[in-house]
Amino acid sequence: MYMLASQIFMEIIASSTTLIYIAFVILGIILVGYLTYVLIRPERF
Amino acid sequence: MSNGVYSRKILVDAFADSIKKLSPRHVIGNPVMFVVEVSFFFALILAIGAWIFGSSVALFNTEISILLLLTVWFSTFAEALSEGRGRAQAESLRKTRKEVRAQKIADDGTITEVDSSELVKGDRVIVRAGDTIPNDGDVIKGSGSVDESAITGESAPVIRESGGDFTSVTGGTTLLSDELLIEITANPGESFLDRMIALVEGATRQKTPNELALTTVLAGFTWILTVIIITFNTLGSFLGVTSDITVLYGLLACLAPTTIGGLLPAIGIAGMDRVTQFNVIATSGRAVEAAGDVTTIILDKTGTITIGNRLAEEFIPLGDKTEADVTRASFLSSVCDETPEGRSIVALAQKLIPDLTRPDVKNVVEFSASTKMSGVDLADGREVRKGAFDVMSDYVRYVPQGFREVIDGIAQRGATPLVVSVDREPIGVIHLKDTVKPGMRERLQELRDMGIKTIMVTGDNRLTAATIAAEAGVDDYVAESKPEDKIKIVEAEQKQGKIVAMTGDGTNDAPALAQADVGLAMNSGTQAAKEAANMIDLDSDPTKLIDVVGIGKQLLMTRGSITTFSVVTDFAKYFTILPAIFAVALPAIGKLDFINLQSPHSAILAAVIFNTFVILALIPLAMRGVKYKPKDATSTLIRNVAVYGVGGLLTPFIAIKAIDLLVNYLHLVG
Amino acid sequence: MESVKMLGSNGGGYYGQNSANPYENPTPATNAVEILLMILIASGFIYAYGTMVGNTKEGWVLICAVLVILSAALVINMISESSNPALSGLAVNQSAGNMEGKEVRFGDVSSAQFGAWTTAGAVGAVTSMHDSWGPWGATSLQAMMMLNCVFGGVGCGMINILIFVILSVFIVGLMVGRTPQYLGRKIEGYETKLTVFSFLIHPFLVFTFTTLGVLFAASQTLNPGFQGFAELAYAYLSAAANNGSAFAGLSVSPFLNYSMALVFAVGRYGTFILMLFVAEVFLHKKIVPFDIGTMRTDTWIFGAVFIGVVVILNLLTFFPLLIFGSLGQALATI
């Protein structure tokens, strides 16, 4: 069970460098959105 | 009461507290740190992935992730530390408030003994010598000497008495003499001590306007840097260069203004604490910032600029009267006068004529600020009065020869002349000496150096005021003022666009205190004054205002200096990280690395280590505040730009080079 | 037509070669006049600003500060164009400087200067082909557009200068121990917000669109590597700064056309609109009188601070763009 799970995990990791990069970009865009909100309404924090 | 030492308990508590503050729910309030924390989470996942995948960058990724976490943690630690210090101060205050038994007196005079916590607003208590005053209140009857060291740390006792401006007593202090009838003015848990504790503890909750504006600027920088990081690899792909995401996060953390972003909360809290250390309660951080902006200060003469306890020095006869006549008349006028001035008149009279006896007094006329005179009506029918010469010259039946000369002569020496009359006949003048406090001249000069105008206000006559004003060195003065004049002066200055600060203690000061931008009330003052003010001095020392202004300025200076430092260090970081990122793909850019770092990974690591630990290193500076000297703007600017601007340009190069050597020596990079 | 083109910092010439064409700009004398016309209004604005606020020293400090930056650009340009790096190892006589893409009647020095003035003043007219410039000069040209406030365009240069003045006063003003105030008005949350947004528009547009350009228009570039990247970056910089000069080397495509038009519009009007709100707010503020505790903005130290803030803030944001482009290329030649 453990071996299978980690194998699957490794396969996902290997084929997902682009996926990771896309996740990185999306996360970045979310952060930019958060920062925009802070810029507009700093009092909320 | 102030305690500048980091006790072990504070450090340990701060440690635990800082871990709790790492929760994203808390960090989200700090935009720069939140971005770093999010980066940490992603970088951590990448690091774990690298370990599983057996990638060569596993160690590097892990190190960067740890550093990202440390960056956020050092910031929460700074915050927790400053909060902890504030709380410690509050705790030491709380400890002074013991549960005491109080003697509550009902309207019909019956006395019941209750716990101090059962007293509510409006209750009256009797406090006898040796008792602890149960809660905040006003003295309705009596006068006594109070030891306020529990609150202020000052062991010299102070007089609290009914009527006048010294009626307020604070819960937790001890009455040393006599007996006081006190009306409680605060419900349990709402006394000034409680409020102060709440303030010091609540100092985190509200961001002041300036802090909010600065947060906007910092969020803005972080904003564009995040955009750059997102687009970095796409841009690089044109040249065939891609960088590890972990490296990009390291770059982001370094370039974002993490130094100031991480320390901003701590700076604000520490600033408020410093005010408390000076034994001043500020009702908000806004009041402290406003203090830094003050451009006009209004000070009273007697007791603030001068020592205040005016002493009778001489009795001068008028017209054809003799010195003995004046001495006797003065004695009579002041025999029921409990003020220090009155008592000194009696003492001087008794010294000159040892066999004076107390007369039979039918009626006592108290001094009031509007009549400016006081005295007694004797049983034998005589009316004895003393007062300011302007009202007395209207009051007496005739103005004697040489009146003006005697008055002016006294006034020119900076003293106050009091005219004494019996049955409306002028007898003589009392010379009340008043001296400018030692060191006052220097302090007022300090204010002038900062561009702050000082105005002295007094009910005294013009000539005395002028002399004292010249001696103390105030910029302007207002003489013969009535209590209602104060607010007019405040408004006049504000109309000119000035930020006004003033001190006060009487009820008649309340409107002016409320109108002023910074109102400092004396703790010994009346309730009304304290309610109207936005700061209260527990030491009841009006010159404390000067210190408060300094603290406000220092707070703003600390923010500005660390911000400048934070932004300027980015310059050096670019020169270290970018060459490292492109070292392999674009060796040309490697030429930027003029400090010759060992390897790309060690360079990036060194830069991030510097970026992280500089926060820790600057915590003491943030808490203590930058060195503050009252000077004009241009010199201060040059000095701070030189230290923090130029310093921020050069220090990182040296530090990163050193760390780089260390990192390689310790084989921290694969 | 030339006068209109230059005075109005328009930069669009009758001929494609713009001021390089002899019909537009025949002699070095006319060249000098053209240069003068370029910054006449923009610098006039700064001086006028000083008069309007009642203290011409305010204007002069800014003019001097901006001149310092411009001088640096001039020097870099002239040194850069004094030789062609591609020909450096070869047996070619370089005494006339880098003449690739230059007009003979102007030579390298004058073209170098013109380049500095045109990118600084957001004019966009050219007397030489910028794609042929050496990397250091190209970096300087792009830097002028990044700063967008070294005199800048008619009106918008002044606005950008003010953005940086406000930011400088805010950051540095704190160091003096007062809440920041400019010309007696306190700088508070609302206007700080708007000024920061205005500042962010320019780098945001440039970075995102250059990225899109790399993704969708990479094939339109003429040269590979650093040079090609610079072509793209320059195009969007020029659009965002409303410059109008071209690096050239880019072949036209609908994507480029539309995206650049969008960048032009947002780059110009975005800043204008936001700063108008700021102006409105400043109009109604209570004025606090000056005293020696106020940080003055008409001193040499403020001028130095202004230069520092402008350079550092822009450097921090635009550095990667330069590194991938002309600056990277420049370093490669060392």
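Begin with C:Asn148, which is found in the loop between α5 (135–147) and α6 of chain C. Helices here are DSSP runs of H or I of at least four residues, and strands are runs of E of at least two, numbered from the N terminus. The model is a predicted one, in which local features need pLDDT of at least 70 and side-chain atom pairs count only at pLDDT 80 or more, while totals for chains, interfaces and linings use all residues. Residues are numbered from 1 along each chain as its sequence is written, and chains are lettered from A and ligands numbered from 1 in the order in which they are written.

C:Asn148 is not a glycine, yet its phi is positive, about 55°. Most residues other than glycine have a negative phi. C:Asn148 counts as buried because 29 C-beta neighbours lie inside 10 Å. The classes are buried for 20 or more other C-beta atoms within 10 Å of the residue's own, exposed for 12 or fewer, and partly exposed in between, with C-beta atoms placed from the backbone.

Next, select helix α6 (residues 156–173) and helix α9 (residues 254–283) of chain C, whose axes come within 11 Å and cross at roughly 60°. Axes are lines fitted to C-alpha atoms, for helices over the stretch in contact, and angles run from 0 to 180 degrees between N-to-C directions. α6(C) and α9(C) are therefore oblique to each other; angles under 35 degrees count as roughly parallel, over 145 as roughly antiparallel, 65 to 115 as roughly perpendicular, and the rest as oblique.

Which residues of α6(C) and α9(C) meet? Show C:Cys156, C:Ile159 and C:Ile163 in α6(C), which meet C:Arg268, C:Thr271, C:Phe272 and C:Met275 in α9(C). Contact requires C-beta atoms, placed from the backbone, to lie within 7 Å.

Move to helix α8 (residues 225–240) of chain C. Its 16 residues should span 22 Å at 1.5 Å a residue, and the end C-alpha atoms are 23 Å apart, which agrees. The expected span is 1.5 Å times one less than the number of residues. Of the 16 residues of α8(C), 14 are buried, so this helix is largely enclosed by the rest of the structure. C:Asn242 follows α8(C) and has a positive phi, near 55°.

Now select C:Leu37, in helix α2 (residues 28–52) of chain C. C:Leu37 is buried, with 20 other C-beta atoms within 10 Å. Not counting residues up to four places away in sequence, C:Leu37 touches C:Ser3, C:Met6 and C:Leu7. A distance drawn from C:Leu37 to C:Gly134, C-alpha to C-alpha, is 26 Å, and the two are 97 residues apart in sequence.

Display chains B and C together. The contact takes 59 residues from chain B and 54 residues from chain C. On the side of chain B that touches chain C, α7 (209–237), α10 (285–293), α21 (544–582) and α23 (633–665) of chain B each supply at least two residues. The largest share of that side, 17 residues, comes from α7(B).

Remain in chain B for B:Asp423, in the loop between β16 (416–422) and β17 (425–433). B:Asp423 has a positive phi, near 50°, and is a residue other than glycine. Is B:Asp423 buried or partly exposed? With 13 C-beta neighbours inside 10 Å, B:Asp423 counts as partly exposed.

Finish with chain A, which has two helices and zero strands. Of the 45 residues of chain A, 13% count as buried.

Terms used. Two residues are in contact if their C-beta atoms, placed from the backbone, lie within 7 Å.
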